[in-house]
Every structure is written in structure tokens, then in C-alpha cells.
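Hi,

Here is the structure I promised to pass on.

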Number of protein chains: 2
Amino acid sequence: MLKVNAFDQQQAASLGADQRQRVERRARLLGPAYQLFYDQPLHLVQGSGATVTDHAGKRYLDLYNNVQSVGHCHPKVVAALAAQAGQLNVHTRYLHDNVLDYAERLLASMPAELGHAMFTCTGSEANDLALRIACDYTGGSGVIVTEYAYHGITQAIAALSPSMGSYVPVARDARVVPAPRHLPGSPQAVGRQFAAEVRKALADMQRHGIKPAALLVDTLFTSDGVFADPAGFLAEAVAAVRAAGAVFIADEVQPGFGRTGSHFWGFQRHGLVPDLVTLGKPMGNGHPMAGLAVKPDILQRFASQAAYFNTFGGNPVSAAVGLAVLEVIEEEGLMANAERVGALLKAGLQSLAPALGTVRGAGLFIGVDIVDASGQPDTLRARGLVNALRDEGFLIGAAGPASSVLKIRPPLCLRREEAERFLSALARLL
Amino acid sequence: MLKVNAFDQQQAASLGADQRQRVERRARLLGPAYQLFYDQPLHLVQGSGATVTDHAGKRYLDLYNNVQSVGHCHPKVVAALAAQAGQLNVHTRYLHDNVLDYAERLLASMPAELGHAMFTCTGSEANDLALRIACDYTGGSGVIVTEYAYHGITQAIAALSPSMGSYVPVARDARVVPAPRHLPGSPQAVGRQFAAEVRKALADMQRHGIKPAALLVDTLFTSDGVFADPAGFLAEAVAAVRAAGAVFIADEVQPGFGRTGSHFWGFQRHGLVPDLVTLGKPMGNGHPMAGLAVKPDILQRFASQAAYFNTFGGNPVSAAVGLAVLEVIEEEGLMANAERVGALLKAGLQSLAPALGTVRGAGLFIGVDIVDASGQPDTLRARGLVNALRDEGFLIGAAGPASSVLKIRPPLCLRREEAERFLSALARLL
């Protein structure tokens with residue numbers, strides 16, 4: 001995971017006394033799992049819209065945080081949170097209208113076949129639950145994932161997240177396929193090649209006596225390095241998986257809730273109706289909530305027999321927050337904004353070639369290859385750019401197997417002039 | 001799971017039009033996993049202290065919800081939530097003082113050996129993470145759990161929760177031991193017998209070539225039916241497990257945060273220092289947050305190599321809420337209250353024998369056996385009592401393999417007169 005952009009604890013001596021103390025206190029209290037971004041860690045104290053502010057009052061344009069997708073601390077979302085938290089917050093074994101109103105509105109944004117919604121607290125839990133349902137429905141255990149996928153951190157889902165690195169083994173019955181390739185010259189080959197890889201994985205499962213359960217992919221392939229085009233390329237692979245008796249789980253934790261601009265859900269770009277859809281990150285604009293949508297016939301037996309219950313999932317406060325987020329996306333036209341500003345950003349980045357490599361993405365999720373003179377992934381240069389931009393007041397990240405793909409995914413409320421400010425700064429740095 | 005106290009969807013016709021509609025809407029939107037409590041489901045709209053109010057304005061004394069442990073919608077907790085949510089809510093890869101202040105305060109409530117805190121969103125995630133760490137540290141895969149344990153709902157943890165029932169298989173390398181027995185006549189035998197069962201499980205693991213990883217128990221054995229006494233009985237089993245190279249994970253999701261009255265953590269009643277401690281439910285008084293405390297040497301390799309990160313876990317809002325909860329517990333003397341009112345409640349329940357069976361528990365977590373004339377678990381009578389109490393305005397639940405143990409675990413702020421009111425109502429019903 002976090003390679004290109006991690007603070008090196010050995011460099012703590014280079015920090016000012018205050019921040020050094022904070023970094024040391026963190027290491028002492030939280031231990032080694034808690035990494036920090038940037039060569040000079042950021043100490044943030046405030047957020048609003050697409051802007052975050054550090055302890056010294058310096059402002060940063062946030063082009064990284066896709067969780068706070070309607071804008072940091074959106075007043076309508078905070079008000080909904082505070083109002084319901086002051087009224088009642090209990091689990092779903094009592095009747096409450098919030099969870100029903102929210103489920104109804106959420107499902108209305110999806111194809112009618114996805115009839116049921118279930119609620120968890122994190123995307124990891126959503127993928128974990130989707131996996132359990134898929135294995136139950138198919139009777140299978142074989143899951144296909146891409147080579148640098150990230151789907152979450154429960155034991156079962158970390159084992160389906162090859163991006164965790166070699167220390168975390170991939171599940172025995174899983175098969176890892178290469179991410180889709182970017183082939184602007186022959187777009188129709190992208191889907192064909194990806195489907196061929198998926199068919200190879202299915203054949204290998206058969207060879208080993210493993211019954212296929214699911215194809216699990218992020219519909220934007222974000223941690224693989226952002227592979228969005230051509231829209232529709234996923235369909236052939238999904239058909240192959242279904243022909244083998246397995247289901248298609250669309251991981252919408254990153255692509256969902258309007259981020260792609262053209263569609264509310266990433267799978268819609270591919271003209272597909274998934275069997276299960278998992279949701280997370282931006283769902284509560286930072287409030288811990290996640291969930292899934294599923295076809296009723298696929299859920300039926302599992303839900304009746306296995307008695308799934310999530311203490312916090314779907315509580316009235318989370319549902320109120322989720323509803324407010326959906327309302328803001330609609331009221332403020334954030335999907336259209338993502339499409340408009342995303343297109344501007346993408347075109348601007350493309351105009352910076354050849355200093356930048358290939359630019360890929362949809363809406364406000366953009367990946368930019370950073371390559372060396374020979375066209376190879378340039379991890380160090382990517383790291384340099386991410387840190388130089390941070391110093392200039394712009395926050396982005398990096399993704400992909402070599403952490404050489406700039407990861408640009410601002411809140412959906414990013415304004416045109418903010419995008420232009422970022423493009424100018426980047427042009428200056430290049 | 002939920003057997004004694006579940007609403008039967010077939011009975012929807014018996015409800016008033018409004019509630020019938022709500023129940024049907026739930027089934028349509030959320031599917032079959034979402035069960036409701038009580039023969040007549042409750043439609044709650046408000047909560048304050050230990051009181052919840054339904055849509056018709058009827059008030060209920062809440063003796064069930066251990067999540068809202070400092071009282072429903074506690075103003076100080078809601079204020080902390082609203083204030084920080086309006087300020088900044090981001091992940092832990094930036095510096096922020098809230099998570100450090102919270103971790104420091106949380107760890108200060110535990111033995112010094114438990115040096116690191118990590119944060120998740122649910123108790124399931126906390127147990128899942130603890131399991132991963134334990135397996136990594138020991139190199140083992142064998143986990144010992146009790147026969148009706150519940151530790152959570154991720155795939156890995158559901159497989160260590162035999163109370164899920166026969167549809168959810170127990171992990172191949174896990175071993176299930178009987179819950180501790182209640183032996184008031186020979187208290188010193190409780191620990192000896194439990195340790196003997198644990199030793200048998202360890203021997204069986206050895207016989208099958210399974211390396212032991214952990215003993216994972218709720219330190220009050222709540223879902224097994226509440227087995228608290230004698231304090232200290234767990235020590236011999238833990239010693240056996242450690243001698244076999246495995247670690248002790250104390251699941252404090254239910255016993256923790258002062259519920260036992262005499263101690264802040266359930267493991268302290270047993271005079272033990274666990275290797276890992278998992279936390280959840282009352283940690284945020286309803287806000288989705290959970291976590292674990294762990295000895296640094298046990299965490300070291302996993303945390304350095306496996307790069308655990310939880311998007312929402314430990315965010316500044318959750319940390320502010322967690323801090324407020326700890327402050328309220330201290331400022332309002334809720335631990336002492338739990339001890340005082342818990343003792344009153346326990347004595348009052350014991351005085352209702354022989355209409356009630358054995359009364360067990362510590363502080364404000366009490367289990368009461370409901371048995372028939374021959375002393376056998378009486379599931380139907382327990383169900384009748386739970387529902388009759390609901391009609392009288394008192395909310396409790398049921399636990400144990402036969403759902404025949406009344407589960408009484410009110411918010412820690414339960415007042416003496418509220419406990420007395422409940423005891424009078426129960427006496428009338430009996």
C-alpha cells in the first residue's frame with residue numbers, strides 16, 4: 001500500500017519541535033501501522049468545501065480526499081448529523097423511518113433489479129458481507145480480483161486485495177488477473193483482453209476443482225491505477241463469469257455517488273447490472289457508514305439463514321447523514337459539476353504532455369502516469385511531484401503497483417477556478 | 001442468533017395499518033436479514049437517559065441497550081460530535097491531536113503493558129484485526145471460543161461465533177469449548193473446569209497439527225448467558241493457552257467501559273493482562289467506533305508489514321466522541337453507579353426466586369435463568385416475560401443457547417428508582 005507518499009519516521013529529527021513531538025507521540029500510542037502522508041506530515045485542523053487548513057493557518061486545495069465528497073464539513077450534512085444524534089440513535093431492531101427513507105432513495109439511484117439494501121459501517125465490511133453472500137448463493141469459493149486491487153482490511157477481504165503486498169497472502173481459492181490495459185488506439189481490445197484473462201482464471205479454477213463465486217472489481221480500477229475507458233469494456237468479462245455460475249460484485253466504494261460525472265455509479269458506465277454493489281467512503285461524507293445493494297434472489301437464503309446484524313449499521317443518525325449527502329449531491333448538481341470540472345481537469349492535464357504521461361479517468365477521478373525518459377513508471381518523480389504540490393498548497397496522492405500514477409480525486413464540489421489554480425501550479429512545477 | 005425475541009413477519013396482519021406498512025416497507029427494502037424485536041415491534045422516535053419514547057409518545061425504560069451506555073443522546077457527547085464534525089473530519093494519515101488525546105486516555109485506563117491503541121469502526125472489525133495480529137504473532141491458526149460465543153460478523157469472525165447457528169460453520173482450525181459453569185457451591189471449581197476444557201481443546205489441536213493462536217472470550221461470557229463469577233476464574237485457562245504459545249484476546253465489546261461496576265474492563269475482574277483487548281459498542285455511545293489495545297511486541301511485525309489502515313477509524317470526530325464518553329463516565333461517576341444500581345438490581349432479582357432461576361452478572365450486566373418446573377431452560381416463558389415487560393414499558397432481551405436467559409444491561413446511568421420501578425413491574429408480572 002502506501003509507498004510513494006509515506007513519511008519516513010527516521011526523518012522525524014528534520015521536523016519542528018511541535019510536529020516532531022506529535023509524530024513521536026503517535027508512534028508511541030498508535031504503533032507502527034499508522035503511517036503519515038508526505039515528507040513533511042500535514043497537521044490539519046479545519047476543512048470547508050475543497051479546502052483544508054493546517055495548524056499554522058496555511059490553506060491547501062484538497063484534490064485527494066474522496067470521502068468528504070460533498071465538501072469538508074458540509075453544513076447541511078453536519079446539521080442532519082447533529083439533529084438526529086440529539087434525537088435518537090439505536091440499532092435496526094426497532095422500526096425507524098430514517099433507514100427506510102434512505103434505503104428507498106439509495107435503491108432508486110440504481111437499476112430496479114437491485115432490490116435490497118443492507119448497511120454496514122465500512123467498505124471493508126460491505127465487501128466482506130458481499131463475499132459471504134456470493135459464496136452462499138453460488139456454493140463457490142473462487143473469487144477473481146485484479147493484480148493491484150484494494151477492497152478492504154478484514155481478514156477475508158485483505159486476502160482479496162493483492163495491493164496489500166506479499167506479506168498478506170491472497171486467498172488460496174482466489175485468482176489474480178492483470179488490470180485492464182489502456183489501449184486508446186484500439187479501445188475495443190480492452191474488454192476482449194480483460195475477458196480473456198478472466199476466462200483463463202476461470203479455467204484455472206476449474207483445473208483445481210475450485211467452484212467460482214464472484215468477479216470482484218472496483219469499476220474504475222482505482223488502486224490498479226485508474227482504468228476507465230472505454231466505457232462498457234467490463235461487459236464481456238462479466239458475461240464470462242456469469243456463464244461459469246459466479247456473480248459480479250461491483251465495488252463502488254470509490255467510483256460511486258456521482259464521482260464519474262456521467263453516471264451516479266461506475267457500473268452504469270459499463271452498461272451493467274451487477275448482482276451485488278458495495279458502497280462506502282463518500283456515503284456519509286466522513287461519517288462511518290457503508291453498505292450494499294443486492295438482487296433479492298441472491299440474498300434470500302443467506303439473509304434468512306445466517307442472521308446478519310450490524311450493531312451500528314443503518315442507525316437513524318447514519319441514515320439521516322446518508323440522506324443529507326444524497327440531497328446535497330442533487331441540490332448542488334455535484335454530478336454535473338464532477339463531469340464539467342473533471343473534463344476541464346483532464347484536458348488540462350493532457351495538455352501538459354509530454355511532461356506528464358497518460359491521463360486516464362472519468363469525472364473527478366483521474367490518474368496520471370509519471371514515467372521516465374524511456375516510458376517506464378517513475379516512482380521517485382511521482383513522489384517528488386506529490387510532495388512539491390503539497391508544499392505549494394495542493395493535496396494529491398499516488399496509486400498503482402509502482403505508486404507512479406498521480407491520484408487526483410477531489411471533493412465533487414471542486415470549482416472550475418480551483419481546478420485551474422491546480423493546473424497552473426502543476427505546470428509551474430513541471 | 002435472535003430467536004426468543006424476534007417479530008414474526010407472518011404476524012404483520014395483526015399490526016395497526018401504519019406499523020404494518022412500515023414492517024412491509026422494511027421487508028421490501030432491507031430484505032430478510034433485518035429482524036425486529038418483540039411480538040409487537042417498537043417504533044422508537046426519541047431517547048434520553050435510560051428512557052426511549054415511541055411514535056405514540058409512550059415511554060419505555062431501556063434496560064437493554066448497552067451501546068448508549070452513558071444515556072441516550074447524552075448532550076455532552078452530541079455536542080462533541082457536532083462541534084468536531086463542523087470543524088474537520090479526515091483520516092489518520094494527517095496529524096491530529098484528537099486521536100492522540102483519545103488513545104492516551106484510553107490506554108491510561110488499562111495496564112501499562114497494553115501500549116498501543118488501534119481504531120476501527122465496529123467490534124467485528126476490532127476482533128477481525130485482533131485475530132489477524134494473533135495469527136501473525138503466533139504463526140498459528142487455532143482459536144478457542146465458547147459454545148455460544150458471539151464476536152462479530154466479518155467472515156473470519158462469524159466463523160468464530162458459534163452462536164450464529166449451524167448455518168454458519170465454525171472455522172476448521174477453531175475449537176469450541178463449553179462456557180464456564182455456574183457453581184456457586186464450589187466457586188474454585190469453575191476455573192479448574194474451564195481450564196480443563198481449554199486444555200482438551202489445545203490437545204485436540206495438537207493431535208490435528210493445528211498450531212494454537214488464541215483464546216478469544218468475552219470476559220463476561222455475555223452471549224453464552226452471562227458467567228461472571230468467581231472473579232479470577234479465567235486465569236488458569238489463560239495460563240494454559242499461553243503455555244501452548246497462543247495469546248489471550250479479551251473481547252471487551254460488551255463488558256468494557258465500566259459496565260461491571262467494580263472495574264473499567266472485564267479482564268481486570270480476573271486479575272489478567274490480556275495480550276490484545278477488543279473494544280466496541282459503548283465506545284462512542286452509538287457513534288460507530290471501535291478499536292483494540294495490544295502489547296507492542298505482539299503488534300510489531302504485523303503492523304510494520306501488513307500496513308493496516310481503516311479509512312474512518314480514529315478520525316477526529318470519532319476521537320472527540322470517544323473522549324467525551326470517557327469524560328462523562330468519569331464526571332458522572334457511572335462506574336460507581338453501575339456497581340451500586342447493579343447490586344440493587346441483582347439483589348432484587350434474586351429475591352424473586354423461585355419465580356426466577358439463577359441470577360448472574362456483574363455491575364449492570366445481569367443474566368437471569370428462566371427455567372420450567374423441572375429446572376430446564378424455558379424458552380417460551382422467557383419470551384413471554386420479555387414481551388410482557390415491553391408492554392409494561394420495560395425493555396430487556398434474552399441470551400444463551402436456548403434464549404432462556406433474561407439479558408438485562410441498561411445504560412450505566414440507570415437510576416436507583418428506575419431499577420426499583422423495573423423490579424416492581426417484574427414482580428407484578430411473575
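**Where the two chains meet**

The contact between the chains takes 79 residues from chain A and 80 residues from chain B; two residues count as in contact if their C-beta atoms, placed from the backbone, lie within 7 Å. On the chain A side, helix 1 (17-30), strand 1 (44-48), helix 2 (75-85), helix 3 (97-108), strand 4 (116-120), helix 4 (123-138), helix 5 (155-158) and helix 9 (296-306) each supply at least two residues. Helices here are DSSP runs of H or I with at least four residues, strands are runs of E with at least two, and both are numbered from the N terminus. Helix 9 of chain A gives the most to that side, with 7 residues. By class, the side of chain A that touches chain B has 44 nonpolar, 26 polar and 9 charged residues. (Ala, Val, Leu, Ile, Met, Phe, Trp, Tyr, Cys and Pro count as nonpolar, Asp, Glu, Lys and Arg as charged, and the others, Gly among them, as polar.)

Before you go further: this is a predicted model, in which local features need pLDDT of at least 70 and side-chain atom pairs count only at pLDDT 80 or more, while totals for chains, interfaces and linings use all residues. Residues are numbered from 1 along each chain as its sequence is written, and chains are lettered from A and ligands numbered from 1 in the order in which they are written.

**How the copies are related**

**A helix pair across the interface**

Axes are lines fitted to C-alpha atoms, for helices over the stretch in contact, and angles run from 0 to 180 degrees between N-to-C directions. Helix 3 of chain A brings Leu100(A), Ala103(A), Glu104(A) and Leu107(A) to the contact, and helix 1 of chain B brings Arg25(B), Arg26(B), Leu29(B) and Leu30(B). Sorted by class, this contact has 5 nonpolar, no polar and 3 charged residues.

**Helix pairs within a chain**

Helix 3 of chain A also packs with helix 10 (residues 316-331) of chain A, at an angle of about 35° and with the axes 8 Å apart. This crossing is left-handed too. The residues of that contact divide into 7 nonpolar, 2 polar and 2 charged.

Over in chain B, helix 11 (residues 334-350) and helix 13 (residues 416-429) pack at about 15°, their axes 9 Å apart. That makes helix 11 of chain B roughly parallel to helix 13 of chain B. Their crossing is right-handed.

**The sheet and a hairpin**

In chain A, 7 strands form an open sheet in the order 4-10-9-8-7-5-6, with mixed pairing; strands pair if DSSP finds at least two bridges between them. Strand 4 and strand 6 (175-177) of chain A are the edge strands, each pairing on one side only. From one strand to the next, the twist averages 20°. Strand 5 (residues 142-146) of chain A runs parallel to strand 6 of chain A, and 3 bridges join them. One bridge pairs Thr146(A) with Val177(A) in strand 6 of chain A.

Finally, strand 1 (residues 44-48) and strand 2 (residues 51-54) of chain B run antiparallel, joined by 4 bridges. Leu44(B) has Asp54(B) of strand 2 of chain B as its bridge partner. The hairpin has 2 residues between these strands, and Gly49(B) takes a positive phi near 60° there.

Terms used
Angles under 35 degrees count as roughly parallel, over 145 as roughly antiparallel, 65 to 115 as roughly perpendicular and the rest as oblique. A crossing is left-handed if the near helix is turned anticlockwise from the far one by less than a right angle, and right-handed if clockwise.
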